[in-house]
Structure formats: C-alpha cells, structure tokens
Number of protein chains: 2
Amino acid sequence: MAPIVAGKSSEAAVTDINGQLGSGLVHIRNPHLDLMSEDILYHFGLGTKTHDLPAMFSDVKFVCVGGSANRMKAFALFIHKELGYGSDQNNIADICAGTDRYCMFKAGPVLAISHGMGIPSISIMLHELIKLLHHANCRDVVIIRIGTSGGIGMRPGTVIITDTAVDAFFRPQFELTVLDKVVIRSTELDKELIQELLLCSQEISQFNTIVGHTMCTYDFYEGQGRLDGALCSFSSQDKFDYLMRACSAGVRNIEMESSVFAAMCRLCGLKAAVVCVTLLDRLQGDQINIPHDVLADYQLRPQILIAAFIKKHLGLNT
Amino acid sequence: MAPIVAGKSSEAAVTDINGQLGSGLVHIRNPHLDLMSEDILYHFGLGTKTHDLPAMFSDVKFVCVGGSANRMKAFALFIHKELGYGSDQNNIADICAGTDRYCMFKAGPVLAISHGMGIPSISIMLHELIKLLHHANCRDVVIIRIGTSGGIGMRPGTVIITDTAVDAFFRPQFELTVLDKVVIRSTELDKELIQELLLCSQEISQFNTIVGHTMCTYDFYEGQGRLDGALCSFSSQDKFDYLMRACSAGVRNIEMESSVFAAMCRLCGLKAAVVCVTLLDRLQGDQINIPHDVLADYQLRPQILIAAFIKKHLGLNT
C-alpha cells in the first residue's frame, strides 16, 4: 500500500523542456547563487575561482553519466575514438583527479561523469554538474544516463529507454524532504529524445531495445524484492507478486538513480534520457552470475547506442 | 511538518546487541540464504564458490567503513603501520580490485572498506559485508563508520560520536520501502561502545570529541538546507530556523549514511559506532572552503581515535 503523506507540496515543472532550445541555457533555480563571490564544486574538486570553467567546458553538448568510474572512463575512450580523436589513453585524463568522489572525462563536446550508486550519490553530482554547465555558459546540452539494471520479464541484455521513472509504489514522481517538508517532483522524460534514441537503436540493429517505465528504488536488496540480501522478511511468492504488479504497471526494469535524475534535469531545463541494459530477468532470479565477457558485452550496449546518437547529431558517419 | 504515513510496520530490534558477544556470530536475518548453493557478493567481486572467505576473513575483528576509497586506503596504511605490520604500501592491496564499486583493504584483524555516498550506496555494501562476515564465520566483530559531516554550532574539526541517528524530521528511525510496504527500524547505537570511544578520545586528548545525535539525509544540498545547490526554494532564514530546530532536538552534525548503518548493524547483532569529524559549522555557511592541509588534518581525527581504540582492544601500547 502506498503511504498517504501529509504536508506535501507539488512543484509544477514550469520549465518548458523544448523551450530550453530557445535560450539553450541551463535553468539554475536558486536565487542565492548569483550572490556568491565564489562557487566551490566540492565533490568535483573544481571551483569558479580556481578553474576557468567556460574555457574548460563551454563547448560541452552531451553529458553521459553512469554509476561506475571504470565504465565511464571506458565510455570516454570509446567515444574519443568514435569521434575521430584517436585511441591514445593519454588523451583522457580525469578532470576530477583532485577528489575520488566522482570521475570526469572530456572528449570534444562529450563529457562523461561517474555518479556512484543511488539517488543521494547521483543527486550531489547533478547539483554540481548543473552549476558547472551554468558557470561555463553551456547551451543546448543533452544529458543521458547509461546504466545497468534488473529487467522484469525482459531477456538479459535488453536495452531499456525510460519513458517515466517510477518509485517503489509505481508512482511517476520523486519525493524529497526539503527542510522538514516533503516535495514531489515529476519524473517524466523528454518524449522527442526517447523516440530519437529508439530510432537510432533500430538503425544500428545490434540488440533489442524497448521503451518502458523504470522503477527507481532506494535499496538494491530488500527494496528491489531480492531474496539474497543479509535481511529478507518476505517469501519468494511475495517477491514474485510484487514484481508482477510492477510489470502490470508498465515497469520493465529496476535501478537506483533514474527518478532524481529525471526530476532534476526536468526542473533545470536539460533534455534528459535514461538508457539502461538489463543484466538479468528478476522474475528468474536475484544474483548477477553471468560470465564476465557477457557482462562486458551487455554493458557496452548503451554506450554503442549513445555513441551512434551523438555521431548522428554531429553529422558524422555511423 | 513530519509526514503521516499509513501502511507502516515497526520492526522490533529483537537482537540483543550485547548478546552478540555470547555466540559472537553475525545474525543473518534471511531464511533464503541457507538454500543457496552459491552466494555472489556482486559489488565486492567476491563469492562463496570463487573465494575461500573463511581463509580470507575469519580473523576479522574490526571493520572500519567510510565514504571515500582514498581515505579508506589511507586508513588501512595508517592502521597497518600502527599495528606494527610496517609501512610498505605494497602490503595493502584492494581485495575488491575486480570491481570499482567499493574498495576493501585488510590489515591483520582490521578490514577497511569504502561505501560511497548516501544511504543506498552504504546499504548495498552492508548487505554484502554482513553476508561476508557470516560466510567467513567471523565472531565478535565491531564495526565503525569514520566519516565527514557538517556540524551544527560546532567548531570545525570537532569529532562527533553518534548516540542516535535521526532522519530529516529528527526522528530516531530509518524508513525503508520493502516491496510496497514501509518498514521502520531503530537507529540507536551501542551505548557501551560510545562510552569506550569517548574515553579513548579523552586519553589521546588531541582534539575535541563530543557525543550527540547525527542527522542523516538523502540529499546534500536541498536536503541539508544548503543555499548553494542548483536548486533552492527557501530563504536563508528558513535554513537557519531549520538548523536551529535540529540543534534543539539534539542534532550536532549532519551526514548521509548513519541511519541505515545503525539500523542494519543493530538488526544483525553487530556492535556499531559512527564517528564523524565536522568540516564546517552549517550555522556559519554551506561551502566547504577550508585549506587542503586543514581538511587532511580534520579527516585524520576519526582515524586517530579508531586506531587508538583498536590498539587498546588488542593490548598494544598507544
């Protein structure tokens, strides 16, 4: 049963996503920011006084984010090569080398950043990324999360483009406690971008790609109905029933970052998409026990799709 | 205003924390686990069939966890030297080198693990750590989170030992959605261990240490009342009022992992403590702008305290 929560306020997403392409600038929704003489992006190890952010980032048009630092470095190398900048690893340095909270790599107009696991971790990264894009006067930025997930009734290796991120009660919303009030934000993603990505996937035709709801949870084990955590108080039938209810509500995969990603990007006028590969079918099991080479192949799929999308946008041959 | 939530069930912490020292084993609260022929600790890159977990870990008596991988490696090197095993960096290898989700280092009976940022990230690590300790037949394990935090009315550099972790409404509880039900867990920490740590700190007498409530939030910016995020809809007065309410409720510092850490360790019979240094006084500001050497000194304080505690337990001279 979904909780009935009092004291909530719903925030209208007044930002017209398509309207972003008018001014093209990121919408910072914080009147205090302009009053600050310096902005330290602490978890990036960057700042407005210590770094020339416009010189470093103003050409950024695509931001790709994912949980694992190794995977985002691999993506940066891959896109660097795909865009014709060569395959020399020495050209890819971690821009956030001063801290180990996140990794950041740049390949021409593409920025690749790791965000760790879970809503709080990606949310810190997004606050600082959105401010970075603002300080650097970036325009018309598209941001895509490329991740891994558990599928529901999906063959492992399927790529899912999220239309709407839903919570553990299958609601298309993200709840955040701000001071001691609960704020609710929409988690709908950009429809045009979804269709563009789906078309791209059909053109490259290397793996199965579908569009569906993505459930975003706060926990990997109990929160996703896994029977293999240190704590589990439900039966395998309870788990199966829950996942079937999720499936009936349109959920095709489960991960841990999409809701806050969708909500924050929407509020700040960033065109955003979530593209995750499924590593297993949760109706069949809980443990991720696929061979290393198969896992590596699956993890490459969202990267291949996004590389094709970026090259298409830049007018490069795919 | 705190939300009124229906559909909740309160779980009694039936585990007697002090009783742990009887059998001394970790309490796995999952009847399904014994039925599994193999357990893959996916985010550690370890498993019961691929690794001899008792041979690797059965001597572990102290587990120290913290957000940053670099900080935990530094702690492992520090404790390695403090325990008389020498200062050769080559003796400290990342046991989780097969994955970049977490780092894990071992120095004799001490295990040091990074957990990333936020409740979901530390919760994945804890599920797999608790299972690891169970599979390895570890006994009488003490687990301590050593972290950084924002203080409320505290001089930066103060070390806070948490007595109870509270949520953003100052309630001593951790809420988790399991399937579609909200479960509430106690976040009280081990009183004896708190007093022992406080005494240790008085004995080493190098920095100010106090005991107080720690507020655990899901967000670093809006969720902690910061005025310097990409989004901020409240005034500086609203922020100040909220932090003062927190202070009146006994909150002395704010971080992002203590509630689930306290709740899970309590349920599994692990003696647990949270020891965080404050990097700034949130009543004075939001940005972390202290010089690098001061930051390094502050971050060392919980490590110094825990090293003294461990050496005392092992009967080594401090």
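The model is predicted. Chain B superposes on chain A through a rotation of 180° with 0.0 Å of shift along its axis, and the two copies are thus related as by a two-fold rotation axis. There are zero disulfides over all chains.

**Relation between the copies**

- The superposition of chain B on chain A gives an RMSD of 0.0 Å.
- Of the interface residues of chain B, 99% are also interface residues in chain A, so the copies meet through the same surface.

**Strand β13 of chain B**

- Strand β7 of chain B (residues 142–151) runs parallel to β13(B), and 10 bridges join the two.
- Within β13(B), Val277(B) is the bridge partner of Thr148(B).
- Strand β8 of chain B (residues 159–166) runs antiparallel to β13(B), with three bridges joining them.
- Opposite Ile160(B) stands Cys276(B), a residue of β13(B).

**Positive phi values in chain A**

- Asn137(A) is a residue other than glycine with a positive phi, near 55°.
- Asn137(A) lies in the loop between α4 (119–135) and β7 (142–151) of chain A.
- The relative accessible area of Asn137(A) is 49%, so this residue is classed as partly exposed, given that exposed requires over 50%.
- Phe170(A), also a residue other than glycine, has a positive phi near 70°.
- Phe170(A) belongs to the loop between β8 (159–166) and β9 (173–178) of chain A.
- Phe170(A) has a relative accessibility of 18% and therefore counts as buried, the cut-off being under 20%.

- A disulfide is a covalent bond between the sulfur atoms of two cysteines, and the structure holds zero of them over all chains.
- Cys268(A) is in no disulfide: its nearest cysteine sulfur belongs to Cys265(A), 7.5 Å away, whereas a disulfide requires sulfur atoms within 2.5 Å.
- Cys268(A) has a relative accessible area of 0% and is therefore buried.
- Cys200(B) is likewise in no disulfide, and the nearest cysteine sulfur, from Cys64(B), is 12 Å away.
- With a relative accessible area of 3%, Cys200(B) is buried.

Methods: Residues numbered from 1 in each chain as written. Chains lettered and ligands numbered in written order. Predicted model: local features only at pLDDT ≥ 70, side-chain atom pairs only at ≥ 80, totals over all residues. Heavy atoms only, no water. Helix = DSSP H or I, 4+ residues; strand = E, 2+ residues; numbered from the N terminus. Buried < 20%, exposed > 50% of the residue type's maximum accessible area, 1.4 Å probe, protein only. Least-squares fit on C-alpha atoms with pLDDT ≥ 70 in both. Contact = heavy atoms within 4.5 Å. Pairing = 2+ DSSP bridges.
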